[in-house]
Amino acid sequence: MIVALAVALGACTANGATPSTDDETTVTFIETTTPSTTATTTAAFPVTIATANGTVTVFSEPHAIVSLSPTATEMLFAIGAGGQVAAVDDQSNYPADAPLTDLTGLSPNVEAIAAYDPDLVVVAFDPGDLVASLDTLGIPVLLEPAATSLDDVYTQISQLGEATGHTDAAERVTTTMQARIVAAYDEAASGDELTYYFELDPTYFSATSSTFIGELLAPLGLRNVADPADPDGYGYPQLSSEFIIGADPDLILLADTVCCGQNKDTVAARPGWDSLDAVTKGNIVPLNDDSASRWGPRVVDLLEAVGAAAREVRK
Amino acid sequence: MSATAPDRPTRLSARAVLVGLAAILGAVTLGSLVGPVHIPFGEAIKRLFGSPSSLTDRQADILTAVRLPRVVLGGLVGSMLALAGASYQGVFRNPLADPYLLGVAAGAGLGATVAISAGATPAVLPAAAFAGAIVAVVATYAVGRSVGRRSTTSLILAGVAMASFLTAIQTYVQQRHTDTLREVYAWILGRLSTSGWHEVLLILPYLVFGGTVILLHRRMLDVLSLGEEEASALGVPVRRVRLLVVGAATLGTAAAVAVSGLIGFVGIIVPHAIRLVTGASYRVILPLSAMFGAAFLIIADLTARTVLSPAELPIGVVTAFLGAPFFVLVLRTAKGLR
């Protein structure tokens, strides 16, 4: 474990710049093992995996993976399968050495994907019967849709581990994630309940506690102020400014720092926001938009950043 | 649009002005007193008129820094959109002309999208929107005229084509710059919900200028409605009036769109409702459009922030949802009134 972490930390430094905000914590999930020499290659191919799109068989160790899901890209690199990835979609901006292309996962073109001659394709959703089209070309596809719980995240990491021959590394990643999450929750267990507002964009679209991110944060002793605005539990209501001011949350979490340049100053400059507790006490937490909208290993960094902020408030 | 019938009033009656002012006052009062956060009615009234009240600092903040600017901005935007709609209808002598159908709003949207994608600062967005809007209105008019100057449908068809064309380019630009997609969407959907006094000050000069130019030409628009040759014969500099009024309406629309996003229906509903009730003179329609446009949009915005409270609804949904049935109602009852 120690060795793995050391390798991971080294890899992270080597990766250099990540598209992140200043406050993003160090990412400790990148392994740099090459597929052919690694000791973690334990799975014997062919492997059969039960995924969201049915049972998928991968006949031999893939060496030309195309990932159209930014989350899957992060997972693949975290489990040391990065060297097997031939192309990633235009939104897969992390890690920096992922082979970014102009492929799009939103309106994908089957021919453009096939041009990379992939032996495994990973997608997060299936627009326009993409999966069926790739099936007819004989290309195995893993559909790894947006996670609704941490268990989904662990399952997806394991499936990617199996499909790429990195079962052990995948196991290590999930174990480390679990340990860090448990530690964060334990630390917050005895604290008072705090309220928080999770901002998705500067027009006050927000994520409630029924979303993946909301469920992730709740055990930190946090209550989401957006919940009354979403009685049906769809998860992403647009709040009115005065409602947020009236709720006066203990913590303001910004998941719009990259897209929309929001920070402590822009929040304090909003009409009527300057007197909010979180503003006057500086309890505004800038988060990386991508970590907040994906469900990869980096959610743990986000969780720890929020946990640290909650700890400060409770002091 | 037929010539002004002689039995229609051409002067603004004191009664109409009073009704208009009452509508604005009512809308402003309602708009500033109702919202997701409860603020006691009596105390808020006291506060609004500057006397001491028992409101907490937070309630006072919500009232003066969040609700009031939103109400004022809604009023200004509604006023401008209705005025611009009436002007386009007068200048183009076309009852269906409005910022949407002429492609002006789409042009403004494209201008702003290009600016956002190029990384421009928010301060230049109104100018970029205006540039796009002017291109759109000139192109629409040129295309419409080249098809047939007398036909009302040719101008509208040209506008619809232009709007589709510009929207296509806008979507293309968006898809090429997906990193700014959320910012563009936030802009298109409007920022009334996040605005403060800063936005009011930002667009006020454009609206005052645009509104004044339009209102000064109200008599000219009446003469224009007789027909181009007739107006020229009566000594109206047709080309110059047309240029000035269209420019002013477009500038005002672009500034309004820059803070409120694309809000449909106001520019066509309000002037027509007034025309149906009071008659066809622009000397009456223009000032009343400004007043009732303000009241209409304030109420629409109030609905937008209370119907799903504390969640928001995009205001464009409300203007269309309230506007369409209201228009049908006016259409049906107006026959009896006239």
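A residue is taken as buried if 20 or more other C-beta atoms lie within 10 Å of its own, as exposed if 12 or fewer do, and as partly exposed in between, the C-beta atoms being placed from the backbone. The structure is a predicted model, in which local features need pLDDT of at least 70 and side-chain atom pairs count only at pLDDT 80 or more, while totals for chains, interfaces and linings use all residues. Residues are numbered from 1 along each chain as its sequence is written, and chains are lettered from A and ligands numbered from 1 in the order in which they are written.

Chain A contains an open sheet of four strands in the order β4-β3-β5-β6, with parallel pairing, where strands (E, at least two residues) and helices (H or I, at least four residues) are DSSP runs numbered from the N terminus and two strands pair if DSSP finds at least two bridges between them. Because β4 and β6 (141-143) of chain A stand at the edges with a single partner strand each, one side of each is left without a neighbour in the sheet. The twist averages 20° from one strand to the next. Three bridges join β3(A) and β4(A) in the parallel sense, and A:Ser67 stands opposite A:Val88 in β4(A).

Helix α2 of chain A (residues 70-78) lies across β3, β4 and β5 of that chain, and runs at about 135° to β3(A); axes are lines fitted to C-alpha atoms, for helices over the stretch in contact, and angles run from 0 to 180 degrees between N-to-C directions. The helix is mostly covered, nine of its nine residues being buried, among them A:Glu74 and A:Phe77. What covers these residues includes α5 (150-164), α6 (167-188) and α11 (289-293) of chain A, contact meaning that the C-beta atoms of two residues, placed from the backbone, lie within 7 Å. Just after α2(A), A:Gly80 takes a positive phi of about 85°.

Positive phi values also occur in residues other than glycine, including A:Asp129, with phi near 55°, and A:Asp248, with phi near 45°. A:Asp129 lies in the loop between β5 and α4 (130-136) of chain A and counts as exposed because it has 11 C-beta neighbours inside 10 Å. A:Asp248, in the loop between α8 (241-247) and β9 (251-254) of chain A, has 15 other C-beta atoms within 10 Å and is therefore partly exposed.

The peptide bond from A:Tyr94 to A:Pro95 is cis, with omega near -5°, and A:Pro95 is placed in the loop between β4 and α3 (110-114) of chain A.
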